[in-house]
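Here are a few friendly notes to read beside the model. Take them one at a time and find each part as you go.

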Amino acid sequence: MSEISKTAQWIVWGGLGLLIAVIAAAYVRTELLRPPSPARGGAAGISGGSDSDELPVLSTVSDFRLTNQFGETITRADLAGEPWVADIIFTRCPSICPQMTFQMGRLQQALGSDNPTRLVSITTDPEFDTPNVLQAYGERFAAEKGRWHFLTGSPTNLGALIRNDLKLIAVEKPVAERTSVNDLYNHSILFAIVDARGRLRRVVHSTDTNINFIEEIVATVDRLRADD
């Protein structure tokens with residue numbers, strides 16, 4: 001065999017070896033960077049698994065007395081007997097609140113008309129968010145009367161429910177950090193799930209990386225209803 005042929009063979013085999021090494025490295029990198037698959041029944045919230053016993057009791061909602069978008073008084077007792085899902089919004093919000101409310105509307109639709117689960121959107125801006133303002137805001141998102149409550153009230157009562165009981169965050173934004181006149185509050189972009197006995201059982205993130213959170217909330221609500 002000529003030296004030229006031997007050289008050509010080494011070049012071919014060397015090239016194949018390099019190609020295999022590149023493919024193997026790419027495969028390993030892909031597997032290492034692949035997001036972990038969620039556990040069956042799991043979520044980007046508090047816990048996973050198939051048994052409702054695996055959902056811890058995070059807190060118990062205290063008695064409260066707030067006002068919904070129709071001027072009706074809503075208390076803890078009014079929401080008892082079925083699970084409910086809560087989020088934090090304010091109608092002047094220039095950023096995330098419309099998206100949060102849109103997603104709550106998706107949840108209302110995903111639950112279906114026969115599901116008695118209630119939805120609760122709590123304002124951080126009670127001075128501006130009167131019942132009339134909240135009613136108009138809710139109508140923009142097809143909120144069903146008696147099912148989806150937009151709640152307002154005194155700052156003290158709202159703060160107690162939001163921070164103490166639902167373990168969410170809602171704080172006034174420092175003036176120096178505001179990007180517009182309506183950029184007033186920093187608050188959680190989470191959905192809190194409360195069971196029929198008024199106990200906070202799970203908090204689910206509503207982020208772009210958690211694209212299945214609506215399904216996760218519905219599954220959690222179904223588990224809680226079956227458990228009760």
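**Notes on a strand and its neighbours**

1. In strand S9, isoleucine 193 is the bridge partner of valine 85. Strands S4 and S9 (residues 190–194) pair in the antiparallel sense over 3 bridges, where pairing needs at least two bridges found by DSSP. Strands (E, at least two residues) and helices (H or I, at least four) are DSSP runs, numbered from the N terminus.

2. Before going on, please note that this is a predicted model, in which local features need pLDDT of at least 70, side-chain atom pairs count only at pLDDT 80 or more, and totals for chains, interfaces and linings use all residues. Residues are numbered from 1 along each chain as its sequence is written, and side-chain values use heavy atoms, with hydrogens and water left out.

3. What stands opposite valine 85 in S5? There you will find leucine 119. S4 and S5 (residues 118–123) are parallel partners over 6 bridges. From S4 the chain crosses through H3 to S5, a right-handed β-α-β crossover (with the strands pointing away from the viewer, the path from the first strand over the helix to the second runs clockwise).

4. Is S4 (residues 84–89) mostly covered or mostly open? Mostly covered: 6 of its 6 residues are buried (under 20% relative accessible area, with a 1.4 Å probe and protein chains only). Trp84, Ala86 and Ile88 lie on one side, and Val85, Asp87 and Ile89 on the other.

5. Now look at helix H3 (residues 96–111). Its buried residues include Cys97, Met100, Met104 and Leu111. Just after H3, glycine 112 has a positive phi of about 85°.

Notes:
Expected span 1.5 Å × (residues − 1). Buried < 20%, exposed > 50% of the residue type's maximum accessible area, 1.4 Å probe, protein only.
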